[in-house]
Amino acid sequence: MSKIATWNVNSVKVRMPHLTEWLGTFQPDILMLQEIKCTSSEFPAMELKALGYHVNCVGQKTYNGVALLSKLPATDLVEALPGDDGDSQARYLEATVGDLRVASIYLPNGNPVDTDKFTYKLAWLDRLGRHARSLLASERKVVLAGDFNVCPTDIDVYDPVAFSNDALCRAESRSRFRALINQGYTDAFRALFPRSHAYSFWDYQGGAWQRDLGLRIDHLLLSPQAADRLVAVGIDRKPRDKEKASDHTPVWCELSD
DNA sequence: ATGGTTGCCTCGCAA
């Protein structure tokens with residue numbers, strides 16, 4: 001059995017106490033991190049190695065940044081989403097861990113929608129779609145995990161009307177996410193909880209966490225070979241309830257061997 | 001009500 005999780009930590013340096021505690025109690029085999037908000041050389045690799053994890057990351061100064069923690073070593077690393085050599089933002093890390101091909105993804109937010117940020121997001125989603133198709137063709141167990149910054153449907157957002165023009169909910173974003181599903185990827189959480197309103201992100205503002213005004217934007221997408229092994233999935237709300245919490249909380253799944 | 005909060009080598013920007 002493998003426990004695989006994704007967590008947008010919103011600054012790994014600030015979140016190290018929560019991260020180390022969560023690793024110790026949950027004991028994931030693979031954890032994909034987003035928004036580490038530091039360069040690769042600043043990443044606290046030594047402390048995480050001391051907890052029994054192999055550490056790989058793609059960082060940049062101030063913004064973005066993704067990482068991969070794994071109990072088994074990671075090989076054959078791809079450190080940027082293929083398809084645009086001019087894209088220098090640290091948003092993608094893919095590797096082989098055991099018999100899994102995994103990717104840590106931090107998709108562009110895309111707001112405001114009347115700017116080039118939205119154009120960049122849609123282009124990034126198109127690139128991800130092309131690359132995801134090539135991964136699917138490998139017929140391996142693939143897990144695309146991360147902060148997709150897409151609410152797939154209206155049940156994934158606490159106020160669909162208020163968010164209807166937000167980049168996370170716009171039809172252009174949802175159609176591209178749905179295209180991934182239509183290729184053959186399974187949204188792990190939705191596969192086992194078809195109707196539940198469960199969120200992975202709550203804004204820091206306005207008491208959103210206390211009022212459960214959230215969005216489900218962190219996802220685990222499984223290739224058919226991985227989806228056949230899916231035995232459990234969940235959203236661990238406990239870290240979000242702590243002092244100095246990230247605005248996201250971990251999403252996890254278990255795959256049988 | 002154009003508010004509110006967090007993190008970043010900050011005096012605004014991104015989320």
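**Sheet architecture and DNA surroundings in the predicted model**

Strand 6 and strand 7 form a hairpin with two residues between them, and G98 in the turn has a positive phi of about 60°. Strands (E, at least two residues) and helices (H or I, at least four) are DSSP runs numbered from the N terminus. The structure is a predicted model, in which local features need pLDDT of at least 70 and side-chain atom pairs count only at pLDDT 80 or more, while totals for chains, interfaces and linings use all residues. Residues are numbered from 1 along each chain as its sequence is written, and chains are lettered from A and ligands numbered from 1 in the order in which they are written.

A95 stands opposite V102 of strand 7. On its other pairing, strand 7 is parallel to strand 8 (residues 141–147) over seven bridges, with V142 as the bridge partner of R101. Strand 7, helix 3 (residues 116–137) and strand 8 make a right-handed β-α-β unit, right-handed meaning that, with the strands pointing away from the viewer, the path from the first strand over the helix to the second runs clockwise.

Seven of the seven residues of strand 7 (residues 100–106) are buried, so the strand is largely enclosed by the rest of the structure. A residue is buried if 20 or more other C-beta atoms, placed from the backbone, lie within 10 Å of its own, exposed if 12 or fewer, and partly exposed in between. In a regular strand the side chains alternate between the two faces of the sheet. Here L100, V102, S104 and Y106 lie on one side and R101, A103 and I105 on the other, and both faces are covered.

An open sheet of six strands has the order 5-6-7-8-12-9 and mixed pairing. Strand 5 (74–78) and strand 9 (186–187) are its edges, each with a single partner strand, so one side of each lacks a neighbour in the sheet. Strand 5 runs antiparallel to strand 6 (residues 92–97), with three bridges, and V78 is partnered by E94. The loop between these two strands contains D84, which is partly exposed, with 13 other C-beta atoms within 10 Å.

Around DNA strand B there are 15 residues, of which S11, V14, N109, Y204 and Q205 come nearest; a residue counts as near if its C-beta atom, placed from the backbone, lies within 6 Å.

Technical notes: Pairing = 2+ DSSP bridges.
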